[in-house]
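Visitor: Hi! Could you walk me through this one? I'm new to reading structures.
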Amino acid sequence: MASIYDPRYADLRRRLRAARLRAGLTQVEAASRLGKNQQYINRCEAGDRRVDFLEILDFAVLYECPLESFIPSSPSDSIELK
């Protein structure tokens with residue numbers, strides 16, 4: 001299942017939000033720094049918008065965290081692949 005409803009995608013959304021909060025940014029501040037509006041961040045975190053790899057790279061730079069922080073560290077941290 002390759003959709004925003006996949007449990008693995010829900011995990012990514014939680015990681016995006018946690019990284020933003022660790023960076024001490026509001027949705028408005030994060031969006032402004034990315035040249036987007038607040039709704040963009042909200043939709044990414046809520047799962048209303050699918051985030052592609054290049055956007056994940058942008059988030060990693062913005063939140064000053066390693067790209068790996070958006071990826072489960074082991075298969076047990078995420079649902080098993082089908």
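**A chat about the helices and a few residues**

Guide: Happy to. Please keep in mind that this is a predicted model. Where shall we start?

Visitor: Okay, helices next. At what angle do α2 and α4 pack?

Guide: Helix α2 covers residues 27-34 and helix α4 covers residues 53-62; they pack at about 110 degrees, and their axes are 11 Å apart. Angles of 65 to 115 degrees count as roughly perpendicular, so α2 and α4 are roughly perpendicular to each other. Their crossing is right-handed.

Visitor: Which residues meet there?

Guide: From α2 you have Ala-30, Arg-33 and Leu-34, and from α4 Asp-58, Phe-59 and Leu-62. In this contact, 4 residues are nonpolar, 2 are charged and none is polar.

Visitor: Switching topic: where is Asp-6?

Guide: Asp-6 is in the segment before α1, the helix that spans 7-22.

Visitor: Is Asp-6 buried or exposed, and why?

Guide: Buried means under 20% relative accessible area. Asp-6 has 5% relative accessibility, so Asp-6 counts as buried. The side chain of Asp-6 also makes a polar contact of 2.7 Å with the side chain of Arg-8.

Visitor: What is Ser-3 in contact with, apart from neighbours within four places in sequence?

Guide: With those neighbours set aside, Ser-3 contacts Tyr-9 and Arg-50. There is also Gly-47: Ser-3 and Gly-47 are 44 residues apart in sequence, while their C-alpha atoms are 9.7 Å apart.

Visitor: One more. What does the side chain of Arg-15 reach?

Guide: Arg-15 sits in helix α1, and its side chain reaches the backbone oxygen of Ser-69 at 3.2 Å. As for Glu-45, it is 30 residues from Arg-15 along the chain, with 8.9 Å between the C-alpha atoms of the two.

Visitor: Great, thanks!

How values were computed: Residues are numbered from 1 along each chain as its sequence is written. This is a predicted model: local features need pLDDT of at least 70, side-chain atom pairs count only at pLDDT 80 or more; totals for chains, interfaces and linings use all residues. Side-chain values use heavy atoms; hydrogens and water are left out. Axes are lines fitted to C-alpha atoms, for helices over the stretch in contact, and angles run from 0 to 180 degrees between N-to-C directions. Helices (H or I, at least four residues) and strands (E, at least two) are DSSP runs, numbered from the N terminus. Angles under 35 degrees count as roughly parallel, over 145 as roughly antiparallel, 65 to 115 as roughly perpendicular and the rest as oblique. A crossing is left-handed if the near helix is turned anticlockwise from the far one by less than a right angle, and right-handed if clockwise. Contact means heavy atoms within 4.5 Å. Ala, Val, Leu, Ile, Met, Phe, Trp, Tyr, Cys and Pro count as nonpolar, Asp, Glu, Lys and Arg as charged, and the others, Gly among them, as polar. Buried means under 20% relative accessible area, exposed over 50%, partly exposed in between (1.4 Å probe, protein chains only). A polar contact is a pair of N or O atoms within 3.5 Å; within protein, one must be able to donate a hydrogen and the other to accept it, and residues adjacent in sequence count only if both atoms are side-chain atoms.
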